[in-house]
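Try each task before you read its solution.

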Amino acid sequence: MASHARPRPAGTRVAGIRTPALATAALTSVALLSQTATAAPSTDDKPSLEEVEKKVDDLYRQAESATEKYNSAKEKTATQRKEVDTLLDDVAQRTQKLNEAREELGSFAAAQYRTGASAPDTATFLLADTPQDYFDQTQLMGRMTDRQKGAVDDYISAQSATMKKRQEATKSLETLTDSQADLKTAKATVQRKLSAARELLSQLTAEEKARLAAIEKKKQEEAARKAAELAQQQKAAEQTAATEQEASAPDSSAPADSSYATKADKALAFARAQVGKPYVWGATGPDSYDCSGLTQAAWNAAGITLPRTTYDQVNFGTTVSLANAQPGDLVFFYDDVSHVGLYIGNGMMIHAPKPGAYVREESIYYDGESAIHSVVRPA
């Protein structure tokens, strides 16, 4: 005879398996614990030191890029201000001459009125919308003397030229206003990026700052190693070139680029004298520099006038390969060409690195090989 199982109360075990009621309670507890863990603050949200370093470097790069835009806008603003001042002076002088010509025509009208000759015609001429409108009335022209006709011609020419110059001045003033707005925007961007970088660094502990310095030192060591490799490659290439030149022309005189070397020596001597001076964005010396301000001042000392910004300096001269770089060449960095240094040979350069740093000698690989954009020989 088959036996019938008795119903068991909820919450009891059957072969080690918890009944539905207890399983539901357990799941509820797990869910609550999970929610509590999610709500609790996590220390994993804090960025790693490497992430902080990358963020700070990116901010400095963005600040430097904005600095070059600031330099460009500042230079453009200064140029346009001179143009506006020149145009306004010109308009003032032309207006004065125009007034003098009008007075002369007025004297003709007064004389005609006194003599009773053509007074209405002359008065009509002076009150006409444009002198040319009245010019069409040949009857008046027939009555004018040669001197009067010359005065009218001069007046019309002066009036037309003055109007054009006024239009030019108005347009230049509008352009100047736009450039001033660009200058203000670039300045604000630089300040914002630098403030963000300083804020990140200020949050680091003393231990984190020490670790960050160690990371930076390791990067510098790697950059120095790459520079040494480049120096060996360049030395080998120079020896090969010298051997080939000696075999083909043993009696040849000084190399063709000796003139460039002389100028480069002057530029490098100036740059070396600036080592230790602070980087200041927008500065062109003599007490501080930004990157392009330093290279511009160095080559100015050699008698070569470089443009102000990296964007223009990169197009000034001849582009050469890194393997053929010579002392004095300009080394540009990043896809946006926002940084530049002065090559001194052996894979090294003098540059104004970034805010908070000083003009110094450093490997051209200071930010990795991929950061190098191009090399330009400016003379």
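This is a predicted model: local features need pLDDT of at least 70, side-chain atom pairs count only at pLDDT 80 or more; totals for chains, interfaces and linings use all residues.

**Exercise 1. A residue in a helix**

Which residues does Thr77 touch, not counting residues up to four places away in sequence?

*Solution.* Residues are numbered from 1 along each chain as its sequence is written, and side-chain values use heavy atoms, with hydrogens and water left out.

Step 1: find the residue. Thr77 sits in helix H2, residues 49-115. Helices (H or I, at least four residues) and strands (E, at least two) are DSSP runs, numbered from the N terminus.

Step 2: list the contacts, meaning heavy atoms within 4.5 Å. Thr77 touches Leu176, Ser179, Gln180 and Leu183.

Step 3: check the burial. Buried means under 20% relative accessible area, exposed over 50%, and partly exposed in between (1.4 Å probe, protein chains only). Thr77 counts as buried because its relative accessibility is 5%.

**Exercise 2. Two packed helices**

Describe how helix H8 (residues 258-273) and helix H9 (residues 291-301) pack.

*Solution.* Step 1: take angle and distance. Two packed helices are described by the angle between their axes and the distance between the axes. Axes are lines fitted to C-alpha atoms, for helices over the stretch in contact, and angles run from 0 to 180 degrees between N-to-C directions. For H8 and H9 the angle is about 130° and the axes are 7 Å apart. This makes H8 oblique to H9; angles under 35 degrees count as roughly parallel, over 145 as roughly antiparallel, 65 to 115 as roughly perpendicular and the rest as oblique.

Step 1: find the residues that meet. H8 brings Tyr260, Lys263, Ala264, Lys266, Ala267, Phe270 and Ala271, and H9 brings Ala297, Ala298, Trp299 and Ala301. By class, this contact of H8 with H9 has 9 nonpolar, no polar and 2 charged residues. Here Ala, Val, Leu, Ile, Met, Phe, Trp, Tyr, Cys and Pro count as nonpolar, Asp, Glu, Lys and Arg as charged, and the others, Gly among them, as polar.

Step 2: look at the cover of H9. In H9, 9 of its 11 residues are buried, including Cys291, Leu294 and Trp299. Gly303, with a positive phi near 90°, follows H9.

**Exercise 3. A loop proline**

Which residues is Pro278 in contact with, leaving aside its neighbours within four places in sequence?

*Solution.* Step 1: Pro278 lies in the loop between H8 and H9, and is partly exposed, with a relative accessible area of 30%.

Step 1: the contacts of Pro278 are Asp287, Ser288, Tyr289, Ala357 and Tyr358.

Step 2: compare sequence with space. Pro278 and Val359 are 81 residues apart in sequence, yet 6.2 Å apart from C-alpha to C-alpha.

**Exercise 4. The sheet**

In what order do the 6 strands of the open sheet stand?

*Solution.* Step 1: the order is S3-S8-S4-S5-S6-S7, with antiparallel pairing. Two strands pair if DSSP finds at least two bridges between them. Strand S3 (318-320) and strand S7 (360-363) are at the edges, each with a single partner strand, so one side of each is left without a neighbour in the sheet. Neighbouring strands of this sheet are turned by 40° against each other on average, direction ignored.

Step 1: follow the pairs. S3 joins S8 through 3 bridges, and Thr319 stands opposite Val376. S4 pairs with S8 over 4 bridges, where Phe333 faces Ile372. S4 also pairs with S5 over 4 bridges, and Val331 stands opposite Gly341. S5 and S6 pair over 3 bridges, with Ile350 as the bridge partner of Leu342.

Step 2: inspect S4 from both sides. In a regular strand the side chains alternate between the two faces of the sheet.

Step 3: H9 lies across S4, S5 and S6, running at about 45° to S5. In S5, 7 of its 7 residues are buried.
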